[in-house]
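Hi,

Here is the structure I promised to pass on. Have a look at it first, then read my notes below.

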Amino acid sequence: MTLLASRKRTTASLYKLPFDSAKAAMLALNRAVYAEVASRGGEFRQSKEYLVQLRQIGEWLYSQKKPGLLLAGKVGNGKTTFLDAIINLYSLGEFIDHGVRTGFRRIDAIAITDMYRADTAGFQTLKDHPMVAIDDLGLESVEVQSWGNVTSPVIDLLSHRYQWQALTIVTTNLPPAEIEKRYGLRIRDRFREMMERVEFKNESYRKGTGK
């Protein structure tokens, strides 16, 4: 029996930050984003788009009506900065899994396929981890050949976490139609059901200094 299989089907609610309001979540998130930008030597800028994203993500952190969060949009416009800020917020919490303190497991999508090839047990552990953050979904190979078999480790991972409604955050540059094209209609529909989608339509911060 896997770790997630030993829990109730909805597991994300077990790992929710104790904010007493959406406003409190937004304020904490804003501070975390500021700290993340500063750690990279960037210039923190509160654009109109940023404030919309802050509100949407803050409301998700507070309510967590869906067990997943999808940060989607163009390259370089703050998705990964928000992802790391959320992870840092969770690192301050006291979350226990089977008697051991736990937090987010952060991994690039490309590394998922590499792990699948090299470490089957590690891949299974990743699938079952209470909180997983996947950066840059869409840059990895969808299909992987291992021991003569062709598999789709990212689809396997996402399907597993959907089944158990496990806390999962994903960043991607792919629009919905491209997600369907790469991963199939089932994964796109599961994203819609499981994940709160936040659009990043602003221009890249990398054109100057910033996130």
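N88 sits in helix α3 (residues 79-91); helices here are DSSP runs of H or I with at least four residues, strands are runs of E with at least two, and both are numbered from the N terminus. With a relative accessibility of 35%, N88 counts as partly exposed, where buried means under 20% relative accessible area, exposed over 50%, and partly exposed in between (1.4 Å probe, protein chains only). V33 is 55 residues away from N88 along the chain, yet their C-alpha atoms are separated by 9.3 Å.

Before you go further: this is a predicted model, so local features need pLDDT of at least 70 and side-chain atom pairs pLDDT 80 or more, while totals for chains, interfaces and linings use all residues. Residues are numbered from 1 along each chain as its sequence is written, and side-chain values use heavy atoms, with hydrogens and water left out.

As for the whole chain, you'll find eight helices and nine strands. Of its 211 residues, 48% are buried.

Helix α4 (residues 109-118) has A109, I112, T113, M115 and Y116 buried. Those residues lie on the same side of α4, because they cover an arc of only 160° around the axis (the arc is that of the directions from the helix axis to the C-beta atoms).

Most residues other than glycine have a negative phi. Q64, not a glycine, has a positive phi of about 45°; Q64 is in the loop between α2 (48-63) and β1 (68-73) and is buried, at 10% relative accessibility. H98 isn't a glycine either, and its phi is positive at about 55°. H98 belongs to the loop between β2 (95-97) and β3 (100-102), but at 54% relative accessibility H98 counts as exposed.

Last, the inside. A search of the whole structure turns up one cavity of 30 Å³ or more, meaning a set of points on a 1 Å grid over the protein atoms alone where a 1.4 Å probe fits but cannot get out. The largest cavity holds about 40 Å³ of space, a volume being the space filled by probe spheres set on the points, which are joined across faces, edges and corners. Its lining (residues with an atom within 4 Å of a point) is L158, S159, Y162, I187, R190, F191, M194 and M195. Helix α8 gives the largest share of that lining, four residues, and α6 (153-163) also supplies at least two.

Cheers

Terms used: On a 1 Å grid over the protein atoms alone, a cavity is a set of points where a 1.4 Å probe fits but cannot get out, and a pocket is an open set with protein on both sides within 12 Å along at least five of seven lines; lining residues have an atom within 4 Å of a point.
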